[in-house]
Amino acid sequence: QVQLVESGGGLVQPGGSLRLSCAASGSIFRIRAMGWYRQPPGKQRELVATISSGGSTNYADSAKGRFTTSRDNAKNTVYLQMNGLKPEDTAVYYCNADITPRGYYLSSSYWGQGTQVTVSS
């Protein structure tokens with residue numbers, strides 16, 4: 001059984017930094033793209049950043065220049081370094097990964113449980 005577990009959320013003041021981590025575990029054959037999404041209070045879930053297995057990245061306009069995503073393929077882990085945080089970054093952040101479990105031919109999209117990030121003074 002495959003699961004994603006996030007960590008690193010919390011309360012931070014405006015202008016501060018946080019680093020989120022998301023580790024995939026279980027019977028995994030291959031992980032393709034990994035990424036981060038967020039859901040602000042009362043709003044729909046939105047893309048923050050994605051990273052391919054080769055390291056190519058894509059960012060939402062709101063994240064460009066402030067957030068950096070990276071991954072450690074040996075550890076099946078993806079990271080989101082968030083700098084210059086703003087109150088509007090407050091949201092539940094979700095990890096997502098395109099994973100092919102061992103014994104399966106097709107991949108599926110897996111989600112973490114979410115971690116709360118609150119930016120407030």
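**Close-up views of a predicted model**

**View 1. The β4–β5 hairpin.** Strands β4 and β5 form a hairpin, with six residues lying between the two strands. In the turn, Gly42 has a positive phi of about 75°. The structure shown here and in the other views is a predicted model. Pairing between β4 and β5 is antiparallel and runs over five bridges. Within this pairing, Gly35 is placed opposite Thr50 of β5.

**View 2. β4 beside β9.** Strand β4 also pairs with β9, again in the antiparallel sense, over nine bridges. Here Gln39 faces Val92, a residue of β9.

**View 3. The disulfide between Cys22 and Cys95.** One disulfide is found in a search of the whole structure. It joins Cys22 to Cys95, with an S to S distance of 2.1 Å. The two cysteines come from distant parts of the chain, 73 residues apart: Cys22 belongs to strand β3 (residues 18-25) and Cys95 to strand β9 (residues 91-101). The torsion about the S-S bond is about -80°, so the disulfide is left-handed. Cys22 has a relative accessible area of 0% and is therefore buried. Cys95 is likewise buried, at a relative accessible area of 0%. In general terms, a disulfide is a covalent bond between the sulfur atoms of two cysteines.

**View 4. The largest nonpolar core.** This core holds 28 residues, and those touching the most other members are Trp36, Val48, Phe67, Leu80, Met82, Tyr93 and Ile99. Two or more core residues are given by each of β3, β4 (28-39), β5 (46-51), β8 (77-82), β9 and β11 (115-119). Strand β9 makes the largest contribution, with five residues. Nonpolar side chains in soluble globular proteins tend to be buried together.

**View 5. Surroundings of Leu80.** Leu80 is one of the core residues that touch the most other members.

**View 6. Thr100 in β9.** Thr100 is located in strand β9. Its relative accessibility is 2%, below the 20% limit, so Thr100 counts as buried. Setting aside neighbours within four places in sequence, Thr100 is in contact with Ile28, Phe29 and Arg30, and also with Tyr105, Leu106 and Ser107.

Notes
Residues numbered from 1 in each chain as written. Predicted model: local features only at pLDDT ≥ 70, side-chain atom pairs only at ≥ 80, totals over all residues. Heavy atoms only, no water. Disulfide = S-S within 2.5 Å. Helix = DSSP H or I, 4+ residues; strand = E, 2+ residues; numbered from the N terminus. Buried < 20%, exposed > 50% of the residue type's maximum accessible area, 1.4 Å probe, protein only. Core = buried A, V, L, I, M, F, W, Y, C linked by side-chain atoms within 4.5 Å. Pairing = 2+ DSSP bridges. Contact = heavy atoms within 4.5 Å.
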